Amino acid sequence: MKFQLKRLYFQLLLFFTTNLGAIGLKTGFCYPFFYCQACPAATSACPLRALENSIYKQSFEWRFFVYPLLIIGFFGISTGRAICGWACPIGFLQRGTGRIARKVKRHTIAQKLGTHRMEKYFRYTKYFMLIVFVFLTSLLIGFIFTDICPVGMLVGTFPILLLNPGKFVPNYFFPVALIIFILFIILIFLIERGWCRYFCPVGALLAPFNKVSMLYIKVHTEECLHCNICSNVCPMAIDVPNMHRDPECILCGKCVNACPQKQITYEKV
Amino acid sequence: MKKQILLQITALVVVSGLFVGMLVAANAYEETKARIVEVLCLSCIKLEPKTIQEFTFDTANNAPHPYFVTENLTKGPVFLHYSEDVCAGCEIMFPIVKQIFNIEFEKQDMFSKTIAYGNANITYIYINLDHTINILEESFPLYDKDDIGGLPMFTLVTLGYDHGIVRPYYATLYGTLNVPTDAERIVLLQEILTEGIEMYQQNKAGYHPH
C-alpha cells in the first residue's frame, strides 16, 4: 500500500475517533491537536481551552495547566509534530484543500510571496497567537481566542446551528468570528497548510518537540542531488535539503516518498 | 547519541508518570470531563441559546422536582442561578443578579437566601457547578429544558394550575438573555420574576408539596 494512502487511512481513522462523541463517548482527556470540545461529536477537550481555564483572570488552576501540556509533551517527545500531519482533523481538512493551494502556488505572485525573505518570520505568528491570544488575554481580560477561533466556528458553531435550528442566536463575537472564519477558509485554499504554518497555537506547542523527538526525518546530505523535489512537495514549504529537525516539519513523509535518491528517511531513536 | 536516547527515554517516562499521577491523584480526568467536555462552551460556539420566557410543568428529563425546590415553594417562588468559575456569560450576569436581589456573595460561594421581593418571598439559590453538592448539581439537567448544557442558566420555579392540581411550574433562561445591555437584562429578569410571583399568588392556596 502506498505510504500516503496509509496516512490518509490513519487520518480518517483518527477523524472518526475524534468524533466518537456522536455515539455518546465523552472522555476527560485533552486532544493533542486542535479540535473544539464544543463540537457535538467531540470526545475530548481542546488543549487550548484547558490552558485558558487554568489561568482565567489570574485564577490559577494548576491541573488544567499541567494536564494538557503533559499530553502534548508525551506525543511531542515520541513523535514530534507528526500529530499535525497524521492525526489532526484540521490538518486533514487542509490536506483536502491542499490540491487547490498547490495550483495557486504556481502563480507568479504566490511564488514571489512564498519565497519572500519575510515569509520565515511570519511563521512566528503562531507563537505570538499562543502567548498573546491564549495565555495573556485569558490571564488579563478573559477568553478572546475561543471567542474568535475559526476551528470552533467550523466544528462547533455550524454543526450546532444545523442540529438545533432556531434554538440559538449569534452572540456579540459572532460577526468578528465569522470574518475570521472566512479568512481562515481563504487561507487554507490559497496556502497549503496555511493554518499550520502561520497560526495554529497547538502547532506552536508541538513545534519545539521536533528538536528532541524520538521520531524525526533525516536528510542524508552527502548523497543529496539538490534536485529540490522534496522542497517542492513539502506542504509546509520547508527547505528540506537543509533542514535538521525543523520545528515546521509535520513528518507527513511526502519528501521521503518523493526523493529519487531515497536519501530522506524516517529515523527512530 | 546514547546520552540523547537516555534523555529522551527519561523525559518520556517522567511525562508518562506525571500524567498517570494526575489521572490517579489529582482527579484531572474527571475535572476535565465535568468542567470542559460536558458543559457546552457558549463562547467557543459564539452563540447564545434563544431565550423564551415560557413556563412549563415537566422537567427536562421528566424526573420529579427536587426536594429543596418543592419545600422552598411553600415560602414563595424559587430562583435557581447556575454558574461556573470560568465562563464569560456568568461574569456578565453575576453582578446583575446580585443587583436585582440586593445580595452580596462571592462567585465561588455556595449561597441561598429567602429574599423579600415585590409582594412575595423569593428563595434565591446560587449553584456554582464547580463548588456545589450533588443534590444541587443534579438539578441542572432537570431544568435545562432546551437541553443546552451551557452556562449561565436561570430557572424560576413558581406554581401553576395543571388540570385540577397545583404543581411546580418553571421557566428557564440562558446565557446573557439575548439582549445587549445590562439594563435590558435587568428588565427581562424583573419581568419574569413579576410574572412568576403573580402565578404564585394565584395558586399558592392549592399547593401541597407532598
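1. Basis. The model is predicted: local features need pLDDT of at least 70, side-chain atom pairs count only at pLDDT 80 or more, and totals for chains, interfaces and linings use all residues. Residues are numbered from 1 along each chain as its sequence is written, while chains are lettered from A and ligands numbered from 1 in the order in which they are written.

2. Composition of chain B. Chain B holds eight helices and six strands, in the sequence pattern α-α-α-β-α-β-α-β-β-α-α-β-β-α. Helices (H or I, at least four residues) and strands (E, at least two) are DSSP runs, numbered from the N terminus.

3. Overall dimensions. The radius of gyration of chain B is 21 Å, whereas a compact globule of 210 residues would have one near 17 Å; the radius is taken over C-alpha atoms, and the globule rule is 2.2 Å times the number of residues to the power 0.38. Along the principal axes, the C-alpha atoms of chain B fill a box of roughly 85 × 40 × 30 Å.

4. Burial and contacts. Of the 210 residues of chain B, 40% count as buried (20 or more other C-beta atoms within 10 Å of the residue's own; exposed means 12 or fewer, partly exposed in between, with C-beta atoms placed from the backbone). Among contacts in chain B with a separation of 6 or more, 71% join residues 24 or more positions apart; a contact requires C-beta atoms, placed from the backbone, within 7 Å.

5. The sheet. Chain B has an open, mixed sheet of five strands in the order β3-β4-β2-β5-β6. The twist from one strand to the next averages 25 degrees. Strands β2 (residues 78-83) and β5 (residues 153-162) of chain B are antiparallel over five bridges, and B:Val78 has B:Val157 as its bridge partner in β5(B). Pairing requires at least two DSSP bridges between two strands.

6. Helices across the sheet. Helix α5 (residues 88-101) of chain B lies across β2, β3 and β4 (120-128) of chain B, at about 155 degrees to β2(B). Helix α8 (residues 182-203) of chain B lies across β3, β4, β5 and β6 of chain B, at about 30 degrees to β5(B). Axes are lines fitted to C-alpha atoms, for helices over the stretch in contact, and angles run from 0 to 180 degrees between N-to-C directions.

7. Helix α2 of chain B. In helix α2 (residues 28-37) of chain B, the buried residues are B:Ala28, B:Thr32, B:Arg35, B:Ile36 and B:Val37. Seen down the axis of α2(B), they fall within an arc of 155 degrees, so they line one face of the helix; the arc is that of the directions from the helix axis to the C-beta atoms. Their cover includes α2 (47-54) and α3 (62-79) of chain A together with α1 (2-24) of chain B.

8. The interface. The contact takes 45 residues from chain A and 36 residues from chain B. On the side of chain A that touches chain B, α3(A) gives the largest share, nine residues.

9. A:Ala204. This residue of chain A, A:Ala204, sits in helix α13 (residues 201-206) of chain A. A:Ala204 counts as buried because 20 C-beta neighbours lie inside 10 Å.

Methods: Contact = placed C-beta atoms within 7 Å.
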